[in-house]
Amino acid sequence: MHVKWIVKSPLPLALATLLFSAPVAASSSQNENAARANAAFAEGAAIGVSPVTPSEMAQCSAYWNRWQYVVDSSNMPQFNASLRTELSSHNAKKSAAQWLKLSKKLLRREEGNLDGLVEILHESNERADTVYATWANDEIGRVDELPRALGSC
């Protein structure tokens, strides 16, 4: 009987150690992802450029839409809590709407109509989907492209 206890004892201890360490690792990873996004956003903002054409503004709107999806679909409160205020879901939604409105306004002013808007939005959404995929797939060398782009938006 004593032998069974000795043999079975390490298994629950090992299992408990694994179970208790997993959330810490996930939390650490999510904090690192948020820190990486924050740094990339700051890097993009430091460049000092801003959209000036209707298509650049529509591109920003599409990027912010994708970022809102990133934040809203995150099941990790640590990630969301560690993000800069500028990268919050609320700000992403507001920024996406603002850039789209500015894009339409400038397009109307430049061309007198919104005939080119469908094509602009299509191209912007395709590009935003590609950049979102680099974030979602954690592509080496390109993963920070989305939050960096948001810094210039």
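How much accessible surface does the chain have, and what share belongs to carbon and sulfur atoms? I looked this up before anything else. The accessible surface comes to about 9400 Å², and 60% of that belongs to carbon and sulfur atoms.

**Confidence**

I'm working from a predicted model here, so I checked the scores next. The chain averages a pLDDT of 83, and 82% of the residues score at least 70. Over residues 1-28 the pLDDT is below 50, and beyond near neighbours in sequence I find two contacts for this stretch in the model.

**Overall layout**

I went through the secondary structure and got seven helices and zero strands. Reading along the sequence, I wrote the pattern down as α-α-α-α-α-α-α. The chain has 153 residues, and 35% of them are buried. I also looked at contacts between residues at least 6 apart in sequence: 74% of these join residues at least 24 apart.

**Helix 3 and its partners**

Which way does helix 3 run relative to helix 5? I found that their axes come within 8 Å and cross at roughly 165 degrees. Anything over 145 degrees counts as roughly antiparallel, so helix 3 is roughly antiparallel to helix 5. I noted the crossing as left-handed. For the record, helix 5 covers residues 89-111.

Then I turned to helix 3 (residues 54-73) and helix 6 (residues 117-136), whose axes also come within 8 Å but cross at roughly 40 degrees. That makes helix 3 and helix 6 oblique to each other. Their crossing is right-handed. On the helix 3 side of the contact I listed residues including P54, A58, Y63, W67 and V70. From helix 6, the residues making the contact include I120, N125, D129, Y132 and W135.

**C60**

Is C60 buried or exposed? Its relative accessibility is 5%, so C60 counts as buried. Leaving aside neighbours within four places in sequence, I have C60 in contact with P51, W99 and C153. I also took the C-alpha separation between C60 and S95: 8.3 Å, for two residues 35 apart along the chain.

I moved to helix 2 (residues 10-47), where N33 sits. With 19% relative accessibility, N33 counts as buried, because the cut-off for buried is under 20%. What does N33 touch beyond its neighbours within four places in sequence? I got F79 and W135. W135 was already on my list for the contact between helix 3 and helix 6.

A35 is in helix 2 as well. At 42% relative accessibility, A35 counts as partly exposed. I checked A35 against L83: they are 48 residues apart in sequence, yet 7.1 Å apart in space, C-alpha to C-alpha.

**D138**

Last entry, on backbone angles. Most residues other than glycine have a negative phi. D138 is not a glycine, but I read a positive phi of about 55 degrees for it. Where is D138? I found D138 in the loop between helix 6 and helix 7, the latter being 145-151. D138 has a relative accessible area of 45%, so I put it down as partly exposed.

Methods. Residues are numbered from 1 along each chain as its sequence is written. This is a predicted model: local features need pLDDT of at least 70, side-chain atom pairs count only at pLDDT 80 or more; totals for chains, interfaces and linings use all residues. Side-chain values use heavy atoms; hydrogens and water are left out. Helices (H or I, at least four residues) and strands (E, at least two) are DSSP runs, numbered from the N terminus. Buried means under 20% relative accessible area, exposed over 50%, partly exposed in between (1.4 Å probe, protein chains only). Contact means heavy atoms within 4.5 Å. Accessible areas come from the Shrake-Rupley method with a 1.4 Å probe; for residues, only the protein chains shown count as cover. pLDDT is the predictor's confidence in each residue, from 0 to 100. Axes are lines fitted to C-alpha atoms, for helices over the stretch in contact, and angles run from 0 to 180 degrees between N-to-C directions. Angles under 35 degrees count as roughly parallel, over 145 as roughly antiparallel, 65 to 115 as roughly perpendicular and the rest as oblique. A crossing is left-handed if the near helix is turned anticlockwise from the far one by less than a right angle, and right-handed if clockwise.
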